[in-house]
Amino acid sequence: MGFEKQIPSNVEVVNILGINDKNLKYIKSVFPNVRINVKGNTIHIDGQDKDAKEIMRIFDEMLLMNDNDENIEETDIALLSNIKTSSKYDEKKISSISIIENKSIKVKNINQYKYMDLIQNSTITFGIGPAGTGKTFLAVAAAVKMYSDQKIKKIVLTRPAVEAGERLGYLPGDLSQKIDPYLVPLFDSLEYFFGNETLAHLLEKRNIEIVPLAYMRGRTLNNACIILDEAQNATMSQIKMFLTRLGENSKIIITGDESQVDLYSKDNSGLKKTRKILSKIEEITVMEFQNTDIVRNPIVSKILEIFPDK
């Protein structure tokens with residue numbers, strides 16, 4: 001069956017099809033049994049009804065991207081072609097998620113999208129994988145979005161106080177001064193979304209808390225998103241303690257890299273054991289990132305391939 005998609009006259013065709021038609025060629029490679037031809041501003045699509053409608057949807061999303069002044073890349077089309085249903089994030093197309101006011105994030109691959117979707121639809125989500133896959137940043141982004149949408153009243157971020165080859169006792173200052181540098185990555189992510197002044201205000205009001213894992217004992221957190229980062233450095237009993245902090249209308253996100261355990265004995269890490277024994281519970285989901293999902297400098301994935309268990 002034949003379909004036609006009209007590119008509006010005020011849209012540069014090259015913005016949609018790509019330089020030298022690279023975006024169009026990519027779509028053709030994904031749908032090899034569909035004929036796609038372009039004449040002027042009209043895209044002619046001829047093939048199975050289901051595939052043709054899917055291509056129409058992809059072009060619709062690409063036009064929305066163009067309306068938002070975003071460059072369309074092959075990675076965007078790969079994401080769009082892998083996601084068969086509309087985004088649950090309503091404000092923009094599915095590879096760009098509005099988080100708070102004028103701040104949005106762009107998911108870089110299908111697994112990042114799935115991760116955000118799992119967080120939204122699960123009570124407890126594990127984000128497992130190598131450094132550079134966006135596990136922590138996306139977890140914070142999801143929490144900030146929930147807070148911005150008034151679905152929760154508090155964000156709590158925590159890490160076990162274990163360092164890569166160092167000991168807190170050797171650092172200068174009191175406990176707060178020792179802990180603060182260790183929690184800097186969490187501050188950085190929050191600062192990106194809220195800015196310095198707003199973040200300071202929310203920390204003062206305790207709408208946002210960033211605390212060592214040991215300080216979580218004895219608490220019950222309602223209407224909150226609670227994130228445990230670097231969970232590979234927590235023991236099974238610590239993760240159990242953390243999970244049981246969950247109160248009403250709250251979500252938990254646990255992130256970690258099971259190949260980067262900094263505990264004296266790597267066998268003491270409870271992350272892999274915990275997420276495996278809990279994976280059959282319906283409300284608990286696990287997103288496992290791979291080296292191919294790394295979005296830092298491409299050399300990072302090459303380094304991790306050489307040192308897979310270090």
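**Helix packing and nonpolar cores in the predicted model**

H2 passes H4 in a right-handed crossing. In this predicted model, the axes of helix H2 (residues 22-30) and helix H4 (residues 74-82) come within 10 Å and cross at roughly 30°. Since angles under 35 degrees count as roughly parallel, H2 is therefore roughly parallel to H4. On the H2 side the contact involves Lys22, Asn23, Tyr26, Ile27 and Val30, which meet Glu74, Ile77, Ala78 and Ser81 in H4. By class, the residues of the contact of H2 with H4 are five nonpolar, two polar and two charged.

H2 also packs against H3, at an angle of about 150° and with the axes 12 Å apart. This angle makes H2 roughly antiparallel to H3. The crossing of H2 and H3 is right-handed. Asn23, Leu24 and Ile27 of H2 make the contact with Ile55, Ile58, Phe59 and Met62 of H3. Six nonpolar residues, one polar residue and no charged residues take part in the contact of H2 with H3. Ile27 is listed both in the contact with H4 and in the contact with H3.

Phe59 lies in helix H3 (residues 49-67). With a relative accessible area of 1%, Phe59 is buried, because the limit for that class is under 20%. Leaving out residues up to four places away in sequence, Phe59 touches Lys5, Ile16, Leu17, Leu24, Ile27, Ile43 and Ile45. Phe59 and Ile27 are 32 residues apart along the chain, and their C-alpha atoms are separated by 9.7 Å.

Asp46 is located in strand E3 (residues 42-46). The relative accessibility of Asp46 is 28%, so Asp46 counts as partly exposed. Asp46 and Glu4 are 42 residues apart in sequence, with a C-alpha to C-alpha distance of 8.7 Å.

Over the whole protein chain there are 12 helices and 11 strands. Of the 310 residues, 50% count as buried. Among contacts between residues at least 6 apart in sequence, 70% join residues at least 24 apart.

In soluble globular proteins, nonpolar side chains tend to be buried together. The largest nonpolar core of the model has 36 residues, and those with the most contacts inside it are Val144, Leu157, Leu190, Phe194 and Ile208. Two or more residues of this core come from each of strand E4 (96-100), helix H5 (110-121), helix H6 (135-148), strand E7 (154-159), helix H8 (184-194), helix H9 (196-204), strand E8 (208-212) and strand E9 (224-228). H6 gives the largest share of this core, nine residues. Another core, of 24 residues, lies apart from the largest one and has Phe3, Ile7, Ile27 and Ile36 among its members.

Within the largest core, Leu190 is one of the residues with the most contacts. Leaving aside neighbours within four places in sequence, Leu190 is in contact with Val140, Val144, Leu157, Gly195, Leu199, Ile208 and Ile210. Of these partners, Val144, Leu157 and Ile208 are themselves listed among the residues with the most contacts in the core.

A further helix pair is formed by H10 (residues 236-243) and H11 (residues 271-278), whose axes come within 8 Å and cross at roughly 50°. This angle makes H10 oblique to H11. The crossing of the pair is right-handed. Met236, Ile239 and Leu243 of H10 make the contact with Leu271, Lys273, Thr274, Ile277 and Leu278 of H11. The contact of H10 with H11 has six nonpolar residues, one polar residue and one charged residue.

Most residues other than glycine have a negative phi. Asp21 has a positive phi, near 60°, and is placed in the loop between helix H1 (13-17) and H2. Asp21 counts as partly exposed because its relative accessibility is 36%. Arg206 likewise has a positive phi, near 65°. At 49% relative accessibility, Arg206 counts as partly exposed.

Key: Residues are numbered from 1 along each chain as its sequence is written. This is a predicted model: local features need pLDDT of at least 70, side-chain atom pairs count only at pLDDT 80 or more; totals for chains, interfaces and linings use all residues. Side-chain values use heavy atoms; hydrogens and water are left out. A nonpolar core is a set of buried Ala, Val, Leu, Ile, Met, Phe, Trp, Tyr and Cys residues joined through side-chain atoms within 4.5 Å. Buried means under 20% relative accessible area, exposed over 50%, partly exposed in between (1.4 Å probe, protein chains only). Helices (H or I, at least four residues) and strands (E, at least two) are DSSP runs, numbered from the N terminus. Contact means heavy atoms within 4.5 Å. Axes are lines fitted to C-alpha atoms, for helices over the stretch in contact, and angles run from 0 to 180 degrees between N-to-C directions. Angles under 35 degrees count as roughly parallel, over 145 as roughly antiparallel, 65 to 115 as roughly perpendicular and the rest as oblique. A crossing is left-handed if the near helix is turned anticlockwise from the far one by less than a right angle, and right-handed if clockwise. Ala, Val, Leu, Ile, Met, Phe, Trp, Tyr, Cys and Pro count as nonpolar, Asp, Glu, Lys and Arg as charged, and the others, Gly among them, as polar.
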